[in-house]
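Please open the model in a viewer and keep the sequence panel beside it.

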2 protein chains.
Amino acid sequence: MGGDFAPLEPLKGVLQYISDSNGLAHITLVGDESQIKNLVAQLKISSEHITIVHADQVIGMDESPTKALKEKQKSSISIGFHLLASGKIDAFVSAGNTGAMLVGALFTIKAIEGVIRPTISSVIPRENGKTGLILDVGLNADCKPEQLNQFAVMGSVYAQQILGIESPRVALLNVGEEEGKGNILVQATYPLLKENKHIHFIGNIEGRDILMDKADVMICEGFTGNVVLKMAESLYEVSERQNLRHEYFDRFNFEIYGGTPVLGVAKPVIIGHGISHAKAFMNMIFLAQKMIEKDLMNKMKKELEP
Amino acid sequence: MGGDFAPLEPLKGVLQYISDSNGLAHITLVGDESQIKNLVAQLKISSEHITIVHADQVIGMDESPTKALKEKQKSSISIGFHLLASGKIDAFVSAGNTGAMLVGALFTIKAIEGVIRPTISSVIPRENGKTGLILDVGLNADCKPEQLNQFAVMGSVYAQQILGIESPRVALLNVGEEEGKGNILVQATYPLLKENKHIHFIGNIEGRDILMDKADVMICEGFTGNVVLKMAESLYEVSERQNLRHEYFDRFNFEIYGGTPVLGVAKPVIIGHGISHAKAFMNMIFLAQKMIEKDLMNKMKKELEP
């Protein structure tokens, strides 16, 4: 039931996923049973690939996350997390209330052993066609150096396993290139990254390098990362409004990337944009599948060991 | 002698300024006397508008600011600050080593009474042709709420007096719109801005609003502000490389704005980009003139009183 175009677009996405994947994953659809049944029939989604779990309630896009999760235990998001926590599903994908998805992931799904705090990342399109990864992009507005050091490891494993970058270049987002630059947080983080044997640390990068192919994984606290991501997202809107159709700016339409996984929790939780259409839902399901196939969580756990 | 094209481009800028302003300000040129004399003759700059002060040394663009200022007391930057501090000139403009200009401004020029720390700002071009102001953009990587509250006042006075915005809308850069959002710093800053009678505070803005005409003055600590500014600057480079000539992206060529003043010091100090050409120098001199004509420093002082 999540997202601005639910349940039609999520179901269209499921249909596309089933056609493209030959139905490798079994999809549990959580939401209003009668609406879903009608659409499943209309779209001719084969019943062998899906299970419907009824949810009486929906958490609105503007509701307070913690309050809504507490009071709406029969919402599709609450039930989804319950199914995931109890092992009845292996991954949970939604374009619903972002805050509720985050709170649900943090409080109902265990963190990977050793993880101080989970994080959320975003891909950043590069001019050369590649994509970089930036994290944290808003889950942790205040961070300690040790957290940034863990984000570097989790981001690096994700870039390797999911984005297919063999030895991801990890960089610290900073206000200057030289070691010793920056605020207290990044000054204390730099030596940790430098000594971290689990990553390929290349030093500091600056704001001007974010859109360039300088680093594969860019590390920052969630305040700066969130501002950067939202500014990057706005470039697509600007280019649309300015009637500036250009391949590069089209790639700032973040819907095409599907959604962003919560990294550091023990099971795949993927959060899509509210405006997600069918393709985004299909991509989110493929991402969940890949995270499971690559055994991402265990690989992260292993790399996080000192 | 500052900037990549000194002393030719600064002198061309001086010539343009004199033609455009009818020589309202008298220009003291600090640098290598023989080079300057030759160029002044070549460019036919009338001697009635200028005074040449010889400087034996030049601080290179990559030198360590504090060390260079200490060791090169006969550099054009050191002498410039000496002239400004002693009242022999009323404003100091340079496109030289940015760090040395900042250190010089902070340690040789008094702060305006009551100012905790000076700040540097940048204009941000908007789609509708207007410009916004963002500060701090790198001078203060770690800030206290009281500093951000002062940046709001200084930015607001600057927007009013220099950018000509009657009642500048001041906003706090944050990760969400609602009060209470954000990291510890902005959570503590919000109530200060809300209660500040010297500004027109409109609340939080997000990264997606930076390029939009939502707020005239955008407040943040210097870490985030620096990342945002450098990312904005890179948009011009991206659009050039992508052969994407577009009026809006052309305005991200920050050279056209001249330079950025150090706000909060008692006399005008304006720092230009290293790549500044004649037009940028001319604009910096006009900016210095306007700051004096508008009595900007005294107006800031008045608004900073509780």
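Select chain A and chain B together: the two chains bury about 3500 Å² between them, 68% of it on carbon and sulfur atoms. Buried area is the accessible area (1.4 Å probe) that two parts lose on being put together, summed over both. Within chain B, highlight B:Phe223, B:Lys230 and B:Met231, which supply 20% of the area that chain B buries against chain A, more than any other three residues. The contact draws 36 residues from chain B and 36 residues from chain A, contact meaning heavy atoms within 4.5 Å.

This is a predicted model, in which local features need pLDDT of at least 70 and side-chain atom pairs count only at pLDDT 80 or more, while totals for chains, interfaces and linings use all residues; side-chain values use heavy atoms, with hydrogens and water left out. Residues are numbered from 1 along each chain as its sequence is written, and chains are lettered from A and ligands numbered from 1 in the order in which they are written.

**The nonpolar cores**

Next, centre the view on A:Leu211 and B:Leu211, the residues with the most contacts inside the largest nonpolar core, which has 178 residues. A nonpolar core is a set of buried Ala, Val, Leu, Ile, Met, Phe, Trp, Tyr and Cys residues joined through side-chain atoms within 4.5 Å; buried means under 20% relative accessible area, exposed over 50%, and partly exposed in between (1.4 Å probe, protein chains only). Which residues does B:Leu211 touch? Leaving aside residues up to four places away in sequence, the residues touched in chain A are A:Met231, A:Ser234, A:Leu235 and A:Val238. Those in chain B include B:Ile124, B:Pro125, B:Tyr248 and B:Phe252. Apart from this core lies another, of 14 residues, among them B:Leu29, B:Ile36, B:Leu43 and B:Ile285.

**The sheet of chain A**

Eight strands form an open sheet with mixed pairing, in the order E3-E10-E9-E4-E5-E8-E6-E7. Two strands pair if DSSP finds at least two bridges between them. E3 and strand E7 (200-205) of chain A stand at the edges with a single partner strand each, so one side of each lacks a neighbour in the sheet.

Zoom in on E10(A). Three bridges join E3(A) to E10(A), and these strands run parallel; A:Val93 has A:Ile270 as its bridge partner, and A:Ser94 has A:Ile271. E9(A) and E10(A) pair in the antiparallel sense over three bridges, and there A:Ile271 is the bridge partner of A:Thr260. In the hairpin of E9(A) and E10(A), with five residues between the strands, A:Gly264 takes a positive phi near 110 degrees. Show the side chains of E10(A): A:Val269 and A:Ile271 point one way, A:Ile270 and A:Gly272 the other way, and all are buried.

Axes are lines fitted to C-alpha atoms, for helices over the stretch in contact, and angles run from 0 to 180 degrees between N-to-C directions.

**Helix H4 of chain A**

Select residues 76-85 of chain A. Why is helix H4 largely enclosed by the rest of the structure? Eight of its ten residues are buried, so the helix is largely enclosed. The buried residues include A:Ile77, A:Ile79, A:Phe81 and A:Leu84, and the buried residues of H4(A) pack against elements of chain A including helix H3 (65-71), helix H5 (98-108) and strand E10 (269-272). Just after H4(A), A:Gly87 has a positive phi of about 80 degrees.

**Helix H6 of chain B**

Finally, move to helix H6 (residues 145-161) of chain B, which lies across strand E4 (119-125), strand E5 (131-135), E6, E8 and strand E9 (259-263) of chain B, running at about 165 degrees to E8(B).

Conventions
Helix = DSSP H or I, 4+ residues; strand = E, 2+ residues; numbered from the N terminus.
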